[in-house]
Amino acid sequence: MPYTADWPRARPPLEEVKRTIPGWGVDKDFKDRPAVPMERFDPTLTGAHWDFPERQVEYWPRERSPEHKFLTPVFGTACPPRGLSGMIRKYAYRLGEGKSSHWLLLMAADRVDVVESMVEAVLQGRPDNPLTESGLKAEFTRDGLGSRLGKNRVDLKHQPLDLLLVAAPWLIAGYVGFAAARSLGGKKKKRRRRELQPAGRY
Amino acid sequence: MRAMVYRGPYRIRVEEKEMPRIEHPNDAIVRVTKAAICGSDLHIYHGMMPDTRVGQTFGHEFIGVVEEVGPSVQSLKRGDRVMVPFNIFCGSCFFCARQLYANCHNVNPNATAVGGIYGYSHTTGGYDGGQAEFVRVPFADVGPSLIPEWMDEEDALMLTDACPTGYFGAQLGEIQEGDVVVVFGAGPVGLFAAKSSWLMGAGRVIVIDHLDYRLEKAREFAHAETYNFAEYDDIVVHMKKITDYLGADVAIDAVGAEADGAFFQHVTAAKLKLQGGSPVALNWAIDSVRKGGTIAVVGAYGPLFSSIKFGDAMNKGLTIRANQTSVKRHWPRLFEHVKNGILKPSDIVTHRIPLEHIAEGYHMFSSKLDNCIKPIVVPN
């Protein structure tokens with residue numbers, strides 16, 4: 001027990017462990033482990049045949065962290081920023097990584113990007129299909145019920161929220177569309193009512 | 001080419017996409033023969049990682065055949081079978097020269113706090129990943145390795161991330177002979193961390209999770225003693241009881257951003273994205289380990305803040321060690337262990353899915369259906 005100086009640790013005798021566990025202790029020597037010491041200076045090991053890599057061509061102003069002195073010589077070119085989400089992203093990259101606003105703006109841009117992409121997909125004739133894209137078919141082909149029923153799984157308490165998260169962009173888009181249609185309808189009604197008013201009333 | 005693309009949280013689809021091209025003289029284009037879905041892919045699939053853009057292809061665990069090389073590539077040629085570490089790294093910056101390949105400073109313009117990773121949002125550099133027919137591999141002379149003739153392809157695939165990450169987690173724990181080690185999470189990384197803890201001389205290895213089928217795998221694959229935290233009122237108190245009220249010497253967090261076990265923490269992080277990650281496993285690690293103990297963190301978290309119990313960590317005098325794994329640094333030793341039969345990484349693979357069915361694969365893995373531990377994606 002830790003209440004006295006001599007505390008035999010709560011574990012089985014090491015002899016028994018050594019006998020039963022295959023490979024036990026092969027990397028016991030601390031100094032002989034691959035990541036020890038943490039920093040091991042040897043620039044010749046990596047296969048790099050440059051001091052500083054040649055620069056990749058920058059085809060559009062690549063967004064970068066202000067904590068970098070310059071654009072890194074190599075970078076990913078997937079999904080360049082575009083639309084409103086792109087504008088938010090470009091603004092976010094003016095802020096340092098230490099600021100929460102940097103990351104929160106990027107998260108906001110991600111959500112805007114989803115809505116923009118939904119609209120774009122409709123215009124391109126390939127609308128999103130939340131049922132196939134969320135892989136719900138697996139519920140039937142991969143034992144959805146059996147994997148959950150009678151199992152002591154804590155994630156079952158919040159899994160229904162996933163459905164809400166998938167449906168959220170459609171619910172929001174539906175609400176915005178409904179509200180817009182209603183306000184448009186309201187304006188038309190008002191205009192018609194005004195036209196029907198008898199002359200000279202004002 | 002056919003590729004998986006992200007459409008929004010919890011939604012992906014397979015689309016026809018432009019072939020990747022050589023964009024730098026040391027690039028290679030690799031035809032993917034096998035890819036895997038990583039537990040950390042679920043964080044971006046769920047929309048937790050900032051700057052995850054619609055249209056990106058995920059996948060940082062893959063192997064394949066070299067299709068094309070850039071003019072400065074010396075070590076690879078068309079037709080070579082290669083395994084590609086999940087890190088993208090230049091091999092020449094301050095950090096690479098010190099073998100911290102995961103922290104390379106020349107490949108990720110979007111952030112200095114993390115290196116480059118394939119298909120893992122723009123926060124890690126904006127590269128497309130390997131859950132596709134083809135992928136661009138930067139620094140072909142530095143990252144990929146030829147798959148040894150004797151090595152099984154699924155073993156090679158597991159060596160691109162999950163296996164080295166678990167092994168690295170055990171190393172970060174600075175395990176000494178006879179130590180009591182507790183691993184939080186019985187997913188692929190947790191299983192490899194538990195197995196590797198024995199290799200480093202642990203005297204007792206305990207694995208905690210809430211999925212019985214994964215705990216069963218931990219007993220069988222990693223010879224670990226297991227506890228389902230859902231069966232205990234307070235898993236930390238239970239940990240104290242089973243270690244004679246001392247606590248474990250080393251705790252390994254192999255869960256990361258979507259840790260479960262505290263409803264509020266999980267929902268605010270994983271569902272509402274108000275934290276960089278749910279800190280449940282990390283807080284349990286802090287509270288379960290003994291004073292003066294060590295915590296190794298290899299579970300992935302986002303860059304936003306999380307409500308970590310740092311006061312406890314400080315007052316207990318803990319050492320917290322964490323990093324992404326510099327995969328290639330570990331390959332010589334792990335190749336040796338695989339060749340000698342000490343490790344059989346592909347033992348954890350449970351599902352093989354065609355690329356066209358990847359949406360169902362993600363749903364199965366995310367919802368923990370069909371006893372899924374590690375799904376592999378086969379493009380053709």
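Student: What should I know before reading the model?

Tutor: The model is predicted, and local features need pLDDT of at least 70, side-chain atom pairs count only at pLDDT 80 or more, and totals for chains, interfaces and linings use all residues. Residues are numbered from 1 along each chain as its sequence is written, while chains are lettered from A and ligands numbered from 1 in the order in which they are written.

Student: How many helices and strands are there in chain A?

Tutor: Chain A has six helices and zero strands. Helices (H or I, at least four residues) and strands (E, at least two) are DSSP runs, numbered from the N terminus. The pattern along the sequence of chain A is α-α-α-α-α-α.

Student: Is chain A a compact globule or more spread out, and why?

Tutor: Chain A is more spread out than a compact globule, because its radius of gyration is 31 Å, well over the 17 Å that the globule rule gives for 202 residues. The radius of gyration is taken over C-alpha atoms, and the globule rule is 2.2 Å times the number of residues to the power 0.38. The C-alpha atoms of chain A fill a box of roughly 105 × 60 × 45 Å along the principal axes.

Student: What share of chain A counts as buried?

Tutor: Of its 202 residues, 22% count as buried. A residue is buried if 20 or more other C-beta atoms lie within 10 Å of its own, exposed if 12 or fewer, and partly exposed in between, with C-beta atoms placed from the backbone.

Student: Which domains does chain A have?

Tutor: The assignment gives domain 1 (61-71 + 81-119) and domain 2 (165-195) of chain A. Domain bounds come from an automatic or database domain assignment. The centres of these two domains, taken over C-alpha atoms, are separated by 30 Å.

Student: Now chain B. How many helices and strands are there?

Tutor: Chain B has eleven helices and 17 strands. Its radius of gyration is 20 Å, close to the 21 Å that the globule rule gives for 380 residues, so chain B is as compact as a globular protein of that length. Buried residues make up 68% of the 380 residues in chain B.

Student: What is the strand order in the open sheet of six strands?

Tutor: The order is β12-β11-β10-β13-β14-β15 of chain B, with parallel pairing. Two strands pair if DSSP finds at least two bridges between them. The edge strands of chain B are β12 (225-228) and β15 (319-322), each pairing on one side only. Strand β14 (residues 289-297) of chain B is joined to β15(B) by four bridges, and Ile295(B) stands opposite Ile320(B).

Student: Which strand pairs with β8(B)?

Tutor: Strand β3 (residues 28-36) of chain B pairs with β8(B) in the antiparallel sense over four bridges. Ala28(B) stands opposite Val137(B) there. Strand β8 (residues 134-137) of chain B is covered on both faces, with Phe134(B) and Arg136(B) buried on one side and Val135(B) and Val137(B) buried on the other.

Student: And helix α8(B): how many of its nine residues are buried?

Tutor: Eight of the nine residues of helix α8 (residues 280-288) of chain B are buried. Among them are Leu282(B), Trp284(B) and Ile286(B). The cover over the buried residues of α8(B) includes β10 (180-184), β13 (248-253) and α7 (263-271) of chain B.

Student: How many residues does the largest nonpolar core have?

Tutor: The largest nonpolar core has 141 residues, and those with the most contacts inside it include Val30(B), Cys90(B) and Val181(B). A nonpolar core is a set of buried Ala, Val, Leu, Ile, Met, Phe, Trp, Tyr and Cys residues joined through C-beta atoms within 7 Å. Helix α4 (residues 188-199) of chain B gives this core its largest share, seven residues. A second, separate core of nine residues includes Tyr93(A) and Trp103(A).

Student: Last topic. How many residues does each chain give to the contact?

Tutor: Chain A gives 87 residues and chain B gives 89 residues. Two residues are in contact if their C-beta atoms, placed from the backbone, lie within 7 Å. On the side of chain A that touches chain B, α3(A) gives the most, with eight residues.
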